[in-house]
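These are my notes from a look through a structure that is new to me. I put down what I looked up, one entry at a time.

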Amino acid sequence: MKHRVRNYSSNSTAHTMKTKLVRKYPTVKESSHIEIKSTIYIKSKTPYISAIKRISKKLQDPKPANIKYITIMGMGKAVEKTLSIACYFQTKKQRKVEIITTSVDVIDEIATEDNEESPVSTEDLETTLKKRTISGLRVKIYV
Amino acid sequence: MSTKPTESGGKKTLNKNQKLRKKRVRNARSIRAEAIIASKSNTSNELTETGGILKVDQFINSRHYEINQLQIAMHRSKRSSSTRVFQALPRKLRRRTASHNIRRIPKRMRNRAIREMTKSAQQNPISPGLKGRKLHGLSSSALYKARMQVKLLRLAAKSNSLKLQLPEGATEAKVNLRQRIKLLNNAIKSSKRTTILKMNNRMGSYDNTGINEMAPIPRGRIKYYKRQRVFSWLPTHIWNAKRSHMMKRWGFQIPWSATQKCFKLSHRLGNSTAASDGALCIDSSFVGTMILRDNDSTGAFLKDLISKITNGRAILKKYYSSKCFFEGLLYDLNSHEVVLGPFDLLWINDVTVLLRLHPSLYSDLFNSLLQFKDNISIQDCRFSLASITLKGSKSSSALASILRSVGPSKSFEQLKLISRLTDPSVLPSKTMFAFNAIDPRHLANPKKITKPNKDLSVEQIMSLQTEFPATEFSSVLQRLVDPTERENSYKNQQTLKGLARRRRNLLLSDAANEHTSTIPHDSINDPSIPIVIIRRQKSMDWVVVMPWFWMLPFWYQLNRIPRIFNVGLRQVQQLNYEQRQLYFPDDYPFTSTGYMENNLYKRSSLKAKWDKKPRARRLNFEKIKDIHSVTLPSFTGEIGDYFSCDWKLLQILRNGIEFLTKNGEEVNMIESNKTTQFDDHKNRIVTVLNDLFELYKDEISADKVDDVVPVKFATALSEPVANKVSTLLDISTQALAIVPITCEVSGRGHPRDNARIYQIPSEHKIFWHNVVKGVYRSDGRIDHNQTIPLPKPHHLIGFITSGTFHLSEGRGVGNGFIDQKFAQEQKDKYILIRNVGTNVYRVAHWDYIHV
């Protein structure tokens, strides 16, 4: 995973000083074996067609065979893409599709200001963790 | 010669068993069919001249029956060839070695195996063993011992120096053999030590730490001692030797790769992807642990020392005060320019630090630190601390299911909390657990932590860092780094028999215990094992550190969990490549270990492979055409060494070009009206590019054992090196700065190890830019058959150290190094890649690797 570094102004803190976002954490995943096999995560970078192909493959040949639906997850910027994938399976493929909106908690790792030494690399920075909530989507496409 | 005609007319007669077998196979292969006879009752009235009426239901039923029979027959015929029960075992459990030996077959299958063996014409499956039979009135083992004694005596009698060692009378001629042996036995008895080293356990476990000296190799069974003198065994050696290809390197016998095919498996499980549903584990005890303790209570000397060897990084607040786990580069004590390799570090308190080092670096650093013996005490824990490295989403749940803490422990609670997590990249940078664990064999088999009612929340993840149990953590760590405490942890370490006895007694004592196979921990007598679990952020894996002789019980338990697979160093390398990280030593050509690995070890093995082939079957590197657009008289065909990344050539070439263009001149290929010239000191004068290759040939043919590394490490962030190549001598002595890069081929083909990297010549920029965008044929497909413009030899800027097809990218990806000067000047980040021995160039997009 790449550690992306960028500056952004945090709105929640009172002072307007720019804090350094060291890393954005992924969502918390506690999946069972079946969930791992039947869930597909959509990123904003995921190509639309390859997502469609992957889901279609899973729907045609579900493994393990007893799963009832495939779950597609998307959050933030990827919500729109997730929805359009859901629409595709609903209208073009006549699948039963269920859409559940949720809010997802994620963690940001932010550099603390009391780094008296100035390290060359951002990975050496002292950090604190901060919670952030974003909108997410869970789509169930039935087999 | 007269031949007796055989009964079967030339064919070999089959014995009873073979006939039986043949019959069985034939039976298994026969498929029953149900011909549709349009059912007898209907034949008369419904069959007309135009044909009968097809009864669809009957027809379908009969086909259904036939398909079923076909499938059954296929299944039967497959099984009929496997005649023995062990052949029906899953692949993982099959052992070919001594499969006739009934004791090697799993117990639950033994009865069937005995039945099968007695049926076949083989000898009695249950051999009486060596002890049973008697020859010359002695059992075979006793006979062997007696013969050995005689042999040894003969040897002793021959050698003068040994004769002097023998007791008086033993060498006299009139004394017979029996008397001699008696005399010798008496001598042995009298010289035996009366004081025997007492151990605190029945397993023979002890703490083997060298304080201010290198530790000796661990004492084990004498039988196996001789074969460990040069390459010692890891705690799991016997387990691993049965399941992996082992390699003898760096003083250890290390699992190189699992015997089972596992390339795709390790890609799927080992990478941090959402699809991983298992874990990979490796015995990483060969990574040496060193503990440094400052004799002074301020710890200033140690801090200064650590600052020196990490170039000032490991003493930053994050590592020194907050005690996060450090992964970084190890620098030479005397020079912050010389990198030795990667290593790990953890501050235990202000005066104690724990280092984890690759075995090739260990002894050098240890010996160079010995000069500070007065200021610091150095513990060599290579053979007293063992470790397991786990990778994959199931790692944490696997660990939680084999580990149990001795008493209530906050750290263990935290481990349990996150054990069900399948994506460990959500864990904060300081994720470590340390607690006193009970003997893992107390659990009859690994038991999963039961699922809590509530799902794991973000707050709980954050609490790992905010509510880190610092005091508990450091107290366990103190135990782990203390030799006496490690020794104490072995106290009353029980044998498997002892544990089984306790388990049986537990069952017999109370019928209620029928379903609990866990032996309760006795806090007074049972050992408590200090154990540390570290989540490594950069390597994205888990490291479990524990005392050396406790490793094996944990390892056995761990490998009983489903979807946990053992891997070797090859898979570690594969995963490092897939995560676009450098793997030590192969991807560290700027360190002396890595340079030797590339220049000596891998090169000679590749060359030997090539040399072994007949001339007609091997690639003639010299005769490959169309590699460069100009040919120089100094070399033909492939550039540089054919079997390695030729850093020496790159150094001479890049430095030489800088030398030639220092006044802003153009690089001339060749001076056609002059041959090479030498100055008064017989040094070659460099005026054109051809001279540089001649200079390179001089350097190579001088046949110096050159362990001076011609390249040095630079990063994306480091300042452009102001190395002015001003003199002729600088060309071959000034180390070239190279930066690690990863590149992705945009199109077909993939880079291999040692592939050459070229810059795109400015006149070809437009062509390659179009290739990246895609040049299409008239039928709309991408044109792969364009004539490629070739670069010139001086466009060489680097080498790929590890490259292949990347399974998650779905295209060729290579990790390598390029000239720093070029990297910093280039903006569009495209390069050309050419595999060794080919003349096809591929365009690739590159990016920095952050080390």
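Which residue of E12(B) is the bridge partner of Cys281(B)? I looked it up and found Leu390(B). I keep in mind throughout that the model is predicted.

**Entry 1: the strands around that bridge**

I next looked at the two strands as a pair. Strand E6 of chain B covers residues 279–283 and strand E12 of chain B covers residues 385–391. They run antiparallel to each other and are joined over four bridges.

**Entry 2: two loop residues on either side of E13**

I looked up Ser419(B) and placed it in the loop between helix H15 (410–418) and E13 of chain B. Is Ser419(B) buried or exposed? Its relative accessible area is 2%, so I count Ser419(B) as buried, the cut-off being under 20%. Apart from neighbours within four places in sequence, Ser419(B) has contacts with Ser396(B), Ser397(B), Ala400(B) and Ile449(B).

I then turned to His442(B), which lies in the loop between E13 and helix H16 (458–466) of chain B. His442(B) has 1% relative accessibility and counts as buried. Again leaving aside neighbours within four places in sequence, I listed its contacts; among them are Leu499(B), Arg502(B), Arg503(B), His521(B) and Asp526(B). The stretch Ser517(B), Thr518(B), Ile519(B) and Pro520(B) is also in contact with His442(B).

**Entry 3: Ile309(B)**

I found Ile309(B) in helix H11 of chain B, residues 300–309. Its relative accessible area is 0%, and Ile309(B) is buried.

**Entry 4: chain A**

I moved on to chain A, where I found three helices and six strands. From the N terminus on, I wrote the elements down as β-β-α-β-α-β-α-β-β. Chain A has 143 residues, and 38% of them are buried. Of the contacts in chain A with a separation of 6 or more, 73% are between residues 24 or more positions apart.

I picked out two of its helices, H2 (residues 48–60) and H3 (residues 79–92) of chain A. Their axes come within 11 Å and cross at roughly 50 degrees. That angle makes H2(A) oblique to H3(A). The crossing of H2(A) and H3(A) is right-handed.

Which residues make the contact? From H2(A) I listed Tyr48(A), Ala51(A), Ile52(A), Ile55(A), Ser56(A) and Leu59(A). From H3(A) I listed Lys81(A), Ser84(A), Ile85(A), Tyr88(A) and Phe89(A). I sorted the residues of this contact into eight nonpolar, two polar and one charged.

Definitions and conventions:
Residues numbered from 1 in each chain as written. Chains lettered and ligands numbered in written order. Predicted model: local features only at pLDDT ≥ 70, side-chain atom pairs only at ≥ 80, totals over all residues. Heavy atoms only, no water. Pairing = 2+ DSSP bridges. Buried < 20%, exposed > 50% of the residue type's maximum accessible area, 1.4 Å probe, protein only. Contact = heavy atoms within 4.5 Å. Axes fitted to C-alpha atoms, helices over the stretch in contact; angles between N-to-C directions. Parallel < 35°, antiparallel > 145°, perpendicular 65-115°, else oblique. Left-handed = near helix turned anticlockwise from the far one by under 90°. Nonpolar A, V, L, I, M, F, W, Y, C, P; charged D, E, K, R; others polar.
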